[in-house]
Amino acid sequence: MTEVIRVGTRGSALAVAQTKWIAERIAKAAGGAEIELVQVTTHGDTSRASLSEIGGEGVFAAALRESLLAGDCDLVVHSLKDLPTAEHEGLRLGAVPKRADVRDALCARDGLTLATLPEGARVGTGSPRRIAQLRGARPDLEVVDLRGNVDTRLARVHGTGPERDGADLDAVVLAAAGLGRLGRSDAASELLELADWPTAPGQGALAVEVRRERGSRVLERALEGVDHRSTRAAVLAERLVLAGLEAGCSAPVAANAFIEDELLFLTATVYSADGASKLTSSHAATPESRSAADLAEAAGDVAERVVAELLGNGAADLATNEEPR
């Protein structure tokens with residue numbers, strides 16, 4: 001009898017696209033198990049308030065986790081950057097697949113770039129990190145708080161129909177990975193390079209969360225098959241920065257890690273809300289081997305040193321500064 005694996009997902013087009021991508025790989029790794037998608041509505045999907053107002057950390061994850069704990073599904077798929085950093089006593093991170101493009105994308109009218117947007121241009125984003133970065137790079141821009149799915153956000157730039165109805169923004173900033181998963185990469189007028197525009201911890205990565213107790217052999221084999229050790233180690237280091245700074249996933253913090261030449265590199269930046277000030281720390285660690293345990297140890301080591309340097313330089317005060325009135 002074919003085993004059925006129930007996969008929980010948010011109902012947005014992006015969430016469903018991400019979950020289907022995971023589901024195909026789960027099915028293949030599980031030897032052809034049948035996959036059933038279970039759609040779950042979260043508070044973050046229904047609220048129109050800004051992320052800072054509704055408490056960004058966990059706002060998209062809570063309902064998915066409740067569904068998983070209730071036994072309505074066997075695993076759930078999150079955008080990793082939406083997942084709280086604190087461990088959940090009843091759940092575990094079953095797999096982190098290889099991540100996609102980590103960068104942010106500027107999606108502007110008429111092919112404009114961040115440098116060529118006219119003075120006073122209106123740019124939409126709901127992310128405190130992106131708001132701080134925009135204000136730091138282009139203080140002359142008007143930054144507009146923005147919610148909604150990818151198509152809704154892009155329509156604020158390009159409008160609908162030949163008359164561009166509803167277009168009231170000059171640009172929006174979105175994750176390149178999300179555009180790619182929706183087949184909308186062509187909407188990007190500029191990909192913002194990490195050296196100048198670092199991104200959120202876990203951006204571009206997906207998280208497969210399961211109940212803490214071990215599942216069936218088929219499910220555990222599937223999880224092992226889709227897990228990507230290098231990605232898991234990199235995002236662990238990034239998320240440990242958030243945890244060490246005691247900053248939520250909506251805080252103005254960027255962290256990017258990668259493995260190259262047998263070294264795990266981590267760079268993190270904390271911004272003031274107005275983007276006028278920032279602190280950056282970069283360190284590297286050498287994993288003893290490519291085993292999961294050694295990679296995790298290296299991630300913990302490098303994150304600890306980055307956090308210590310940031311806190312020593314005043315990052316806690318910088319990140320909690322109130323937005324200027």
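The legends below describe a predicted model, in which local features need pLDDT of at least 70 and side-chain atom pairs count only at pLDDT 80 or more, while totals for chains, interfaces and linings use all residues. Residues are numbered from 1 along each chain as its sequence is written, and side-chain values use heavy atoms, with hydrogens and water left out.

View A. Beyond residues up to four places away in sequence, glutamate 220 touches Arg92, Arg214 and Gly215, contact meaning heavy atoms within 4.5 Å. Glutamate 220 has a relative accessible area of 10% and is therefore buried (buried: under 20% relative accessible area; exposed: over 50%; partly exposed: in between; 1.4 Å probe, protein chains only).

**View B. Valine 38 in strand 2.** Valine 38 lies in strand 2, which covers residues 34–40. Its relative accessibility is 18%, so valine 38 counts as buried. Apart from neighbours within four places in sequence, valine 38 is in contact with Arg6, Val7, Gly8, Thr9, Asp72 and Cys73.

**View C. The aromatic pair of phenylalanine 258 and phenylalanine 265.** The structure holds one aromatic pair. Phenylalanine 258 and phenylalanine 265 form this pair, which is stacked, with 5.2 Å centre to centre and 25 degrees between the planes. Rings of Phe, Tyr and Trp (its six-membered ring) pair if their centres lie within 6.5 Å; planes under 30 degrees apart count as stacked, over 60 as edge-to-face and the rest as tilted. Phenylalanine 258 is partly exposed because its relative accessibility is 41%; phenylalanine 265, at 27%, is also partly exposed.

**View D. The crossing of helix 9 and helix 10.** The axes of helix 9 (residues 229–245) and helix 10 (residues 292–312) come within 8 Å and cross at roughly 30 degrees. Helix 9 is therefore roughly parallel to helix 10 (angles under 35 degrees count as roughly parallel, over 145 as roughly antiparallel, 65 to 115 as roughly perpendicular and the rest as oblique). Axes are lines fitted to C-alpha atoms, for helices over the stretch in contact, and angles run from 0 to 180 degrees between N-to-C directions.

Notes
Helices (H or I, at least four residues) and strands (E, at least two) are DSSP runs, numbered from the N terminus.
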